[in-house]
Amino acid sequence: MVSLPACLSAQTYEEWIEKSCDFTEKNDWVSAEAALKEAMHLEPGNPANFALLCNLGTVQRRQGKKQEALTSYTAALSLHPKSTTILENRASLYTELGETDQAITDYNTLLALEPQHQEALFCRGLLYLSQKKFASAEGDFDQILQINEKSVRARIGYAILEKTRGNYNESERIYTFLIERMPREWELYEGRADLYFLMGKNARAMADINKVFVEGTPSASLYVLRAKVKIAQYEKESALEDLKQARTLGYDAQVIDELEKVCK
């Protein structure tokens, strides 16, 4: 049997858990995964293993091991089926995997347990939008406002809802209202930039995009959006550089492949 490195040496279940926490704080996901597995190997019947399996799913997800993470979350839920934390984690992972129906099922279960869970309502609303179920999405965003009338997330949901419906002017009004009140919420600029791109207002879209690139931290999706605007402006070589960066950041390879074809 191959011995573990010294940094992965521990004696008890509790020591392995402590090791996993240390590694997680250092973003050493590989070692954190190994430590969690060692803990569960020592005490496979420990009732606390549902939490370790949830943590394992998260560290696997950080490494891009999405199917393994899904297996870990599912195992965790088999031990603790009413954990809203595990349900939320698996639902968001299903969303990343494009498994919309499964994600909605998990959010439904979560909301049956905790009806006022605002993040679950917001995320389910977005999933309904992806299915063009506008009334269901609006119902979720409205429910958030009933819980918290000042909710920014609900208003972002309405901005996306109106954009998806094609009510661009109303969507722009909501985004601009939110940006005026929260000028450093970068996701608002990205959302409005996407809207401007759909409206054919590429100069305005690029202004919002550049704001995030200069003052915030651009996401993979923002690189893709900037590439789309550049393609529309016939700046294809520069667009390819943005697509390359988006791929590095883990954006959907199939989408990037299709956009790269347009650039060539």
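This is a predicted model: local features need pLDDT of at least 70, side-chain atom pairs count only at pLDDT 80 or more; totals for chains, interfaces and linings use all residues.
Is Asn202 buried or exposed? Asn202 has a relative accessible area of 18%, and the limit for a buried residue is under 20%, so Asn202 counts as buried. Asn202 lies in helix H12, which covers residues 202-215. Leaving aside residues up to four places away in sequence, Asn202 touches Phe197, Val229, Ala232 and Gln233.

The chain as a whole provides the setting for that residue. The secondary structure of the protein chain consists of 15 helices and zero strands. Its C-alpha trace spans about 60 × 45 × 30 Å along the principal axes. The chain has 264 residues, of which 41% count as buried. Among the contacts in the chain with a separation of 6 or more, 41% are between residues 24 or more positions apart.

The interior may be considered next. In soluble globular proteins, nonpolar side chains tend to be buried together. In this model, the largest nonpolar core has 73 residues. Phe141, Leu188 and Ile209 are the residues with the most contacts inside that core. For Leu188, the residues touched include Ile156, Tyr175, Leu178, Ile179 and Met182, when those up to four places away in sequence are not counted.

Two packed helices are described by the angle between their axes and the distance between the axes.

The pair H5 and H6 comprises residues 84-96 and residues 100-113, respectively. These helices pack at an angle of about 160°, with their axes 8 Å apart. Angles over 145 degrees count as roughly antiparallel, and H5 is therefore roughly antiparallel to H6. The crossing of H5 with H6 is left-handed. On the side of H5, the contact is made by Thr84, Leu87, Glu88, Arg90, Ala91, Ser92, Tyr94 and Thr95. These meet Gln102, Ala103, Asp106, Tyr107, Thr109, Leu110 and Leu113 in H6. By class, the residues of this contact divide into seven nonpolar, five polar and three charged.

Apart from residues up to four places away in sequence, Thr95 touches Ala103, Tyr107 and Leu127. Thr95 and Ala120 are separated by 25 residues in sequence, and their C-alpha atoms are 12 Å apart in space.

The pair H7 and H8 comes next. H7 covers residues 118-130 and H8 covers residues 134-147. These two helices pack at an angle of about 160°, with their axes 7 Å apart. H7 and H8 are therefore roughly antiparallel to each other, and their crossing is left-handed. Gln118, Leu121, Phe122, Arg124, Gly125, Leu126, Tyr128 and Leu129 of H7 meet Phe134, Ser136, Ala137, Asp140, Phe141, Gln143, Ile144 and Ile147 of H8. The residues of this contact comprise ten nonpolar, four polar and two charged. Phe141, which takes part in this contact, is also one of the residues with the most contacts inside the largest nonpolar core.

Lys132 is placed in the loop between H7 and H8. Its phi is near 65°, a positive value in a residue other than glycine. With a relative accessibility of 54%, Lys132 counts as exposed. Asn27 is in the loop between helix H1 (13-25) and helix H2 (29-42). The phi of Asn27 is near 60°, which is a positive value in a residue other than glycine. Asn27 is exposed, with a relative accessible area of 51%.

The last pair is formed by H13, residues 220-232, and H14, residues 236-248. The angle between them is about 165°, and their axes are 8 Å apart. H13 and H14 are therefore roughly antiparallel to each other. Their crossing is left-handed. H13 contributes Ala220, Tyr223, Val224, Arg226, Ala227, Lys230 and Ile231 to the contact, while H14 contributes Ser238, Ala239, Asp242, Leu243, Gln245 and Ala246. These residues divide into eight nonpolar, two polar and three charged.

Notes
Residues are numbered from 1 along each chain as its sequence is written. Side-chain values use heavy atoms; hydrogens and water are left out. Axes are lines fitted to C-alpha atoms, for helices over the stretch in contact, and angles run from 0 to 180 degrees between N-to-C directions. Helices (H or I, at least four residues) and strands (E, at least two) are DSSP runs, numbered from the N terminus. Angles under 35 degrees count as roughly parallel, over 145 as roughly antiparallel, 65 to 115 as roughly perpendicular and the rest as oblique. A crossing is left-handed if the near helix is turned anticlockwise from the far one by less than a right angle, and right-handed if clockwise. Contact means heavy atoms within 4.5 Å. Ala, Val, Leu, Ile, Met, Phe, Trp, Tyr, Cys and Pro count as nonpolar, Asp, Glu, Lys and Arg as charged, and the others, Gly among them, as polar. A nonpolar core is a set of buried Ala, Val, Leu, Ile, Met, Phe, Trp, Tyr and Cys residues joined through side-chain atoms within 4.5 Å. Buried means under 20% relative accessible area, exposed over 50%, partly exposed in between (1.4 Å probe, protein chains only).
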